[in-house]
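The stops below can be selected one after another.

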Number of protein chains: 2
Amino acid sequence: MPTRTGRYTLILNSCPSVVGFAAVASKKEAEGPLARCFDIVNEDCTFGESTWEKAESRMQQVVVGKALEKAQLSSTDLDYVFAGDLLNQCTGSAYGLRDLGVPFLGVYGACSTMAESLMLASLFVETGCASRAAAVTSSHFCSAEKQYRYPLEYGGLRPPSSQWTVTGAGAAIVGQSDAAPYIRAVTAGRIEDLGIKDANNMGAAMAPAAASTIKQFLEDTQTQPSDYDLILTGDLGQIGSDILYDLLRRENIEIAKNHSDCGLLIFDREKQDVHAGGSGCGCSASVLCSYILSRIRDGELKNVLFIATGALLSPTSVQQGQSIPGIAHLVHISNTK
Amino acid sequence: MPTRTGRYTLILNSCPSVVGFAAVASKKEAEGPLARCFDIVNEDCTFGESTWEKAESRMQQVVVGKALEKAQLSSTDLDYVFAGDLLNQCTGSAYGLRDLGVPFLGVYGACSTMAESLMLASLFVETGCASRAAAVTSSHFCSAEKQYRYPLEYGGLRPPSSQWTVTGAGAAIVGQSDAAPYIRAVTAGRIEDLGIKDANNMGAAMAPAAASTIKQFLEDTQTQPSDYDLILTGDLGQIGSDILYDLLRRENIEIAKNHSDCGLLIFDREKQDVHAGGSGCGCSASVLCSYILSRIRDGELKNVLFIATGALLSPTSVQQGQSIPGIAHLVHISNTK
């Protein structure tokens with residue numbers, strides 16, 4: 001049973017493990033610094049499918065299959081799958097996982113979905129609601145551009161503050177085990193909206209939510225940023241990260257030394273023309289479920305705060321002049337119980 | 001702590017209560033048989049807002065406020081809110097609840113969202129993850145038509161199998177209490193897809209999922225349909241309900257005598273020109289959180305199986321020739337612990 005500490009944080013006393021994890025990515029991600037970390041790379045973005053949406057569904061299907069394979073499990077070993085994505089009506093998940101035969105709980109947290117789904121899967125295992133539960137999330141550059149911005153053929157110019165949607169997916173299977181990585185605590189975020197209306201500056205829209213959730217977790221647990229090897233947001237990019245530092249400094253919290261962002265890790269901004277960094281549900285999912293969880297498992301990282309951030313806008317809400325609500329959920333992942 | 005019974009059902013041993021509930025609806029719903037049951041009715045569908053999407057957000061804000069008021073609680077008494085809707089990127093929930101200041105967990109299950117969110121809120125209370133959690137869901141005829149079908153001004157003809165999206169919202173607040181209604185058990189559904197491709201026949205697409213989840217729950221709990229006063233699906237409409245009976249009869253399960261459907265309860269099909277019945281996340285939400293929960297509280301209904309059904313399609317998936325995956329989640333609600 002979890003223990004509530006402070007106002008909003010739950011300590012998972014059984015320390016559920018991530019018993020299997022996998023990441024899928026595409027050509028551009030495989031040209032970046034994490035190229036060797038992904039389990040599967042598809043060179044042409046289609047994953048053998050005829051549309052971008054079907055390609056995204058295929059990624060979800062493939063990534064959960066790979067995570068199960070690495071954990072030496074089959075789908076019948078899963079009690080629940082928590083999944084979501086950026087496509088309208090979350091069809092990346094629904095179509096990708098429709099043949100899995102596992103009770104399906106769809107979640108939507110925009111780019112915070114990996115943290116939300118991992119949090120719910122971990123709480124289900126912690127509380128005995130599930131023996132094992134999977135968290136699966138994806139995004140696809142082409143399906144996202146077409147849906148949120150312009151047809152690809154239009155060749156719209158991207159301002160410097162924009163981020164590049166990652167074509168990738170991640171899956172984490174949570175269960176009870178005596179092997180790291182362990183899920184130690186979770187903090188669900190509140191919606192924060194400081195009035196940013198520029199849909200090409202998602203980092204700025206999401207930074208206040210990340211600051212709020214990080215501050216809340218540190219207060220609740222009475223810990224300091226220096227207690228963690230890595231405070232990993234995903235995906236604020238460069239502009240959002242800088243705003244996050246500023247917002248937290250106003251609260252006398254300094255994280256710059258041990259902070260990184262999934263959107264900055266996955267691409268080489270000097271060489272890859274991604275402007276402010278990577279984004280999309282699949283960004284934090286594919287970085288967490290490859291490079292990060294491997295390093296926690298291997299003891300290279302001892303204590304990581306994973307804070308996936310989401311911008312809860314839609315193209316319609318932007319057209320109607322609404323500002324962009326942000327959200328950030330936190331999962332504390334550790335090498336030790 | 002919950003007990004797993006059978007393969008997929010969780011028994012909630014603490015029997016969390018629905019400590020507050022409310023429903024909001026609009027003019028057409030208030031002309032139907034449940035007119036007197038809704039807490040708030042807005043006559044002109046706009047809820048004082050300038051767009052349909054903002055109107056839907058306003059409904060979510062209003063309905064959770066009303067449920068809190070009826071429970072004599074404030075938002076600070078809530079540990080989590082689980083919410084979702086049909087709008088792209090679930091903006092009905094995100095914008096409606098952004099000022100609530102409560103940790104926000106977005107869910108997406110199309111029209112099954114009320115059952116999914118109520119299930120998660122109940123499990124959070126059962127397991128001590130939350131003292132109180134809210135489940136909130138909405139739909140709006142105008143925002144749904146515009147997004148899924150045609151501009152309203154086009155006046156597209158609707159085939160007889162089509163259903164009418166309810167303009168309504170429901171909120172249920174779950175906590176520990178010695179007053180009914182009590183949440184006794186939950187069964188999360190698996191995605192079922194028997195190949196229906198007609199987006200104007202959602203009932204047919206969702207019926208297999210409802211049949212699968214009902215059969216699973218009865219098997220898991222070793223109970224019969226006659227053990228329940230009401231088996232309430234939402235929202236199969238007339239065509240989907242008939243298919244559900246047929247599918248279950250193949251399994252020697254007969255539910256027609258004590259079955260009803262939220263999409264059939266909310267409108268008078270003879271007089272209201274809604275074709276096969278009501279639909280939308282707000283259909284099962286507004287029926288459950290008014291007429292049904294009141295009758296359980298008052299002892300007129302002793303044991304209800306609430307099975308909200310969702311069609312996990314998008315306009316894009318239909319245009320790409322994909323069939324429609326369905327899902328159904330079940331919550332057993334009772335007058336006694």
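A crossing is called left-handed if the near helix is turned anticlockwise from the far one by less than a right angle, and right-handed if clockwise. This is a predicted model, in which local features need pLDDT of at least 70 and side-chain atom pairs count only at pLDDT 80 or more, while totals for chains, interfaces and linings use all residues. Residues are numbered from 1 along each chain as its sequence is written, chains are lettered from A and ligands numbered from 1 in the order in which they are written, and side-chain values use heavy atoms, with hydrogens and water left out.

**Chain A, helix pair**

Select residues 52–70 and 141–148 of chain A, helices α2 and α5. Helices (H or I, at least four residues) and strands (E, at least two) are DSSP runs, numbered from the N terminus. The two helices pack at about 135 degrees with axes 8 Å apart, so α2(A) is oblique to α5(A). Axes are lines fitted to C-alpha atoms, for helices over the stretch in contact, and angles run from 0 to 180 degrees between N-to-C directions; under 35 degrees counts as roughly parallel, over 145 as roughly antiparallel, 65 to 115 as roughly perpendicular and the rest as oblique. The crossing of α2(A) and α5(A) is left-handed. Show side chains for A:W52, A:E53 and A:E56, which meet A:C142, A:S143 and A:K146 (contact: heavy atoms within 4.5 Å).

**Chain A, loops**

Go to A:F47, in the loop between β4 (40–42) and α2 of chain A. This residue is not a glycine, yet has a positive phi of about 50 degrees. Then find A:P181, between β9 (168–175) and β10 (182–187) of chain A; the peptide bond from A:A180 to A:P181 is cis, with omega near 0 degrees. Most residues other than glycine have a negative phi, and most peptide bonds are trans.

**Between the chains**

Now display both chains. How many residues does the contact take from chain A and from chain B? It takes 62 from chain A and 62 from chain B. About 4900 Å² is buried between chain A and chain B, 57% of it on carbon and sulfur atoms (buried area: accessible area, 1.4 Å probe, that two parts lose on being put together, summed over both). There are six salt bridges between chain A and chain B (side-chain nitrogen of Lys or Arg within 4 Å of a carboxyl oxygen of Asp or Glu).
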